[in-house]
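Here's a quick briefing to read alongside the model. Have the viewer open and follow along topic by topic.

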Amino acid sequence: MSDVVSPIRGLSRRNLLRNAFYLSTATAAAPLLSACGGTKSRAVTSNSTPGAPELFIPQGPLANIGELSLDPLTQIRIPEGFSVRAVARSGLPVVTPGGGSPITLGFNWHVFPDGGATYALADGGWVYTSNSEVPAVAAGGCSAIKFNAAGEVVDAYPILTGTTQNCAGGKTPWQTWVSCEETDSGVCWECDPFAESQGVAKPSLGLFAHEAIAVDQDKGVIYLTEDNSSGRFYRWVADANDIDPNTGRIAMEAGTLQVMNLVGFENGGYPEADAQLRELRAVTWVDVIRPSEPQSTVRDELAAAAQSVPGTRFNGGEGLWYYSLPAGINHTPRGGSVPTRGIVFFTCKGDNRVWALDVENQLAELIFDNEQIEPDFKDVDNLTVSPWGDVVVAEDPPSEHYSRIMVLLPNATCVVLVQCEHPGSEICGPAFSPDGRKLYFSSQRRGLGETYELTIPDSLIFG
């Protein structure tokens, strides 16, 4: 298929920098793993010098998919052995099989579906949440679809209403969904995904064009992206009294909002020099100024007064995911002092970049940009990581004839997992089912939006 990305472009340039990130089959520093998807999951390292590793990132089985073919019902290209179906269409009632005779559930799926996540149920079923990115004031929110253990739709309901432009968000370790408003004074809302309900605003997490959040519960830290060309990358550090001592649940009511400074590009600096960014670089954090006010307004006022604006500039922050490394690849990276425990991945659509942050050593590295693939990403957007360690990134090109979901091979290339032949629509909300066998996502502007389920063959996952 002519539109599938090529691994050729840019690799010679990468070799000049420090060889390829994708070296697991060629170096003893990157052993086969059994803790993350069986023997098909491998570690990849961003440095080719023996004894001096950078970040170790697992590679899951989705890197092994082949050519795509078109599913005629959905107009989506998928790999051989996969299947895809629509589970909800915006503006129409969600339908359940009802024992073989389809039954409408009386709940219309929301318009312009966006970011989402899945949650396991005690009976073996699961729930998929999905935001509504409606720009009209108080017309957005978030809904959920419930599946039984057989994968049949059995219920659908709202979990947040009366909000605006709910873009992405994040799943918490205590099994709630945080839905984020993408407006200059946007707020994060914590939602119960398991029953019809109404979310609770969490203004302590800041007022800005929120895109996504990711939680490092061990440290009581929440990371946040901002969808603004002059945006920052944030973390919110919970006060001690904001954390339940028995469950570790973070109330998200009292804490300190900070922005990240990438060393060498502090306080408004923009990291342009690509070669410098391919090495792990230390980061520091500084408290935001006037955290209870919209941050874009604060930045504008500081700049107008010729005052320093805290934080490195990240152009259009988007997808965000905290990934806890499996046992066996917790190596100490070059420049670090302890083994890497977790990695925060985040995307920036303005320059089509994906970053990785070692949360234990506070070291960051650029692991993807458009020098690595052809044709280019148009706008990198939502990001998720499979239970097997695959880093998966969606594309947002509303003016193009297609949009894609890619499996990212850090500092090497990407593999196309899904290609929607839906002109003018973007892919949103990729989220794996709790067992990793399904991938949910939406084509946001196909009509008013459609939400799909991609089934991954067991033979690929388990070999």
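Predicted model: local features only at pLDDT ≥ 70, side-chain atom pairs only at ≥ 80, totals over all residues.

Two strands count as paired here if DSSP finds at least two bridges between them.

- Strands pair up through hydrogen bonds of the backbone, in either a parallel or an antiparallel way.
- Here, four strands make an open sheet in the order 12-13-14-15, and the pairing is antiparallel.
- Strand 14 (residues 188-191) and strand 15 run antiparallel and are joined by two bridges.

**The largest pocket**
- Rolling a water-sized probe over the atoms is a way to see where empty space is left.
- The largest pocket comes out at a volume of about 690 Å³.
- It has 39 lining residues, and Ala-117, Lys-171, Trp-321, Tyr-322 and Thr-384 are the ones closest to its centre.
- The elements that each put two or more residues into this lining are strand 8 (113-120), strand 12 (166-171), strand 16 (210-216), strand 21 (317-324), strand 25 (380-385) and strand 29 (427-432).
- Strand 8 gives the most, with six residues.
- Sorted by class, the lining of the largest pocket holds 20 nonpolar, 15 polar and four charged residues.

**The second largest pocket**
- Next comes a pocket with a volume of about 210 Å³.
- Its lining takes in 13 residues, with Ala-86, Val-87, Ala-88, Arg-89 and Val-95 closest to the centre.
- Two or more residues each come from strand 5 (83-89) and strand 6 (93-96).
- Strand 5 has the largest share of this lining, at five residues.
- By class, the second largest pocket is lined by ten nonpolar, one polar and two charged residues.

**Leu-302**
- You'll find Leu-302 in helix 3 (residues 295-304).
- Is Leu-302 buried or exposed? Its relative accessibility is 6%, and since buried means under 20%, Leu-302 counts as buried.
- Leaving out residues up to four places away in sequence, Leu-302 touches Ile-289, Gln-307, Ser-308, Val-309 and Pro-310.
- Take Ile-289 from that list: Ile-289 and Leu-302 are 13 residues apart in sequence, and their C-alpha atoms are 9.4 Å apart in space.

Definitions and conventions: Residues numbered from 1 in each chain as written. Heavy atoms only, no water. Buried < 20%, exposed > 50% of the residue type's maximum accessible area, 1.4 Å probe, protein only. Contact = heavy atoms within 4.5 Å. 1 Å grid on protein atoms, 1.4 Å probe; cavity = no way out; pocket = protein on both sides within 12 Å on 5 of 7 lines; lining within 4 Å. Points joined across faces, edges and corners; volume = space filled by probe spheres on them. Nonpolar A, V, L, I, M, F, W, Y, C, P; charged D, E, K, R; others polar.
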